[in-house]
Amino acid sequence: MSVVQPLLDLQEIDGRIRGLQQEIRDIPQRKDQEHERLNGAREALARAQAELKNAQLRVNEAETEVKARREKIQALKQNQVSLKTNKEFQMLNLEIAKIEGEIENYEARQLAAMDDLIPVKHQVAEAEEKLKEQQAVVDGYVAELDARLAAVQAELSAAETERAESAKHVTPQFMLYYERLRAKRWPVVVSLQHDCVCNGCHLVQPPSVGQMVRRNQGIVACQMCGRILYMAE
Ligand SMILES: [Zn+2]
């Protein structure tokens with residue numbers, strides 16, 4: 001058995017811890033991505049709502065025009081009473097008839113605009129429904145991610161306990177070297193391949209390094225990356 005076997009055991013646990021920590025870091029981002037999936041549906045709804053607003057505006061505009069002309073006719077008719085000549089009276093009648101023609105025009109426009117409202121309202125309802133559906137799917141995924149996060153945190157806590165136990169079996173001097181290197185390199189302990197190549201950085205080691213690793217008496221570091229070498233069985 002390799003003299004660094006306790007370090008290999010520790011490294012196995014550290015590998016799991018790293019994976020769990022990475023997953024904990026990634027989950028918020030994955031949740032954001034889930035929420036972003038709703039952007040398309042939200043934009044579609046906003047577009048439909050804007051269109052509906054415009055269509056409603058066209059109805060209101062036509063309505064306003066009709067109302068203004070009706071008021072004008074009313075005012076003209078009140079004036080008509082005080083007119084002196086028949087000619088003036090006729091002139092006013094002509095004007096009223098002209099305005100009534102305009103009213104008919106705007107009323108037709110208003111009806112058409114109201115017809116246009118129907119499909120647009122339908123689009124809004126559809127877009128709302130679609131967003132609701134997607135929101136439900138996203139809520140489901142997000143709940144799964146939250147559950148996963150809780151599970152990963154529990155796993156991490158268990159792995160940390162396991163690590164503390166495992167660390168007790170490592171020689172303090174080995175531990176010091178391992179911990180110092182762990183901040184820069186991963187994995188820290190790598191096998192020396194049979195052609196005397198470091199499995200971490202792939203540098204060919206001098207024969208003396210191979211001999212020391214085979215002797216299996218202490219920590220032997222790669223000459224390039226400093227990783228701890230052991231002889232693969
Ligand atoms: Zn190396």
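Where is the place of Arg42? Arg42 sits in helix H2, and the views below start from there. This is a predicted model, in which local features need pLDDT of at least 70 and side-chain atom pairs count only at pLDDT 80 or more, while totals for chains, interfaces and linings use all residues. Residues are numbered from 1 along each chain as its sequence is written, and side-chain values use heavy atoms, with hydrogens and water left out.

View 1. Helices here are DSSP runs of H or I with at least four residues, strands are runs of E with at least two, and both are numbered from the N terminus. Arg42 is partly exposed, with a relative accessible area of 40%. In these legends, buried means under 20% relative accessible area, exposed means over 50%, and partly exposed lies in between (1.4 Å probe, protein chains only). Although Arg42 and Ala127 are 85 residues apart along the chain, their C-alpha atoms are separated by 8.1 Å.

**View 2. Helices H2 and H3 side by side.** Look for H2 at residues 39–81 and H3 at residues 86–167: their axes come within 7 Å and cross at roughly 160°. Axes are lines fitted to C-alpha atoms, for helices over the stretch in contact, and angles run from 0 to 180 degrees between N-to-C directions. H2 and H3 are therefore roughly antiparallel to each other, a label for angles over 145 degrees. The crossing of H2 and H3 is left-handed, meaning that the near helix is turned anticlockwise from the far one by less than a right angle. By class, the contact of H2 with H3 has 24 nonpolar, nine polar and 16 charged residues. Here Ala, Val, Leu, Ile, Met, Phe, Trp, Tyr, Cys and Pro count as nonpolar, Asp, Glu, Lys and Arg as charged, and the others, Gly among them, as polar.

**View 3. Gln90 in helix H3.** Gln90 belongs to helix H3 and is partly exposed, at 42% relative accessible area. Between the C-alpha atoms of Gln90 and Glu63, 27 residues apart along the chain, the separation is 28 Å.

View 4. Four SG atoms, from Cys198, Cys201, Cys222 and Cys225, are the protein donors of the zinc ion, lying 2.2 to 2.4 Å from it. Donors are N, O and S atoms within 2.8 Å of the metal (3.2 Å for Na, K and Ca); water is not among the atoms, so sites may look incomplete. Along the sequence, the donor residues follow the spacing C-x2-C-x20-C-x2-C. Cys198 is buried, with a relative accessible area of 0%, whereas Cys201 is partly exposed, at 27%.

View 5. Most residues other than glycine have a negative phi, and most peptide bonds are trans. The peptide bond from Trp186 to Pro187 is cis, with omega near -5°, and Pro187 lies in the loop between helix H4 (172–182) and strand E1 (189–192). His202 has a positive phi, near 70°, in the loop between E1 and helix H5 (207–215). Asn216 also has a positive phi, near 60°, in the loop between H5 and strand E2 (228–231).

Definitions and conventions:
Angles under 35 degrees count as roughly parallel, over 145 as roughly antiparallel, 65 to 115 as roughly perpendicular and the rest as oblique.
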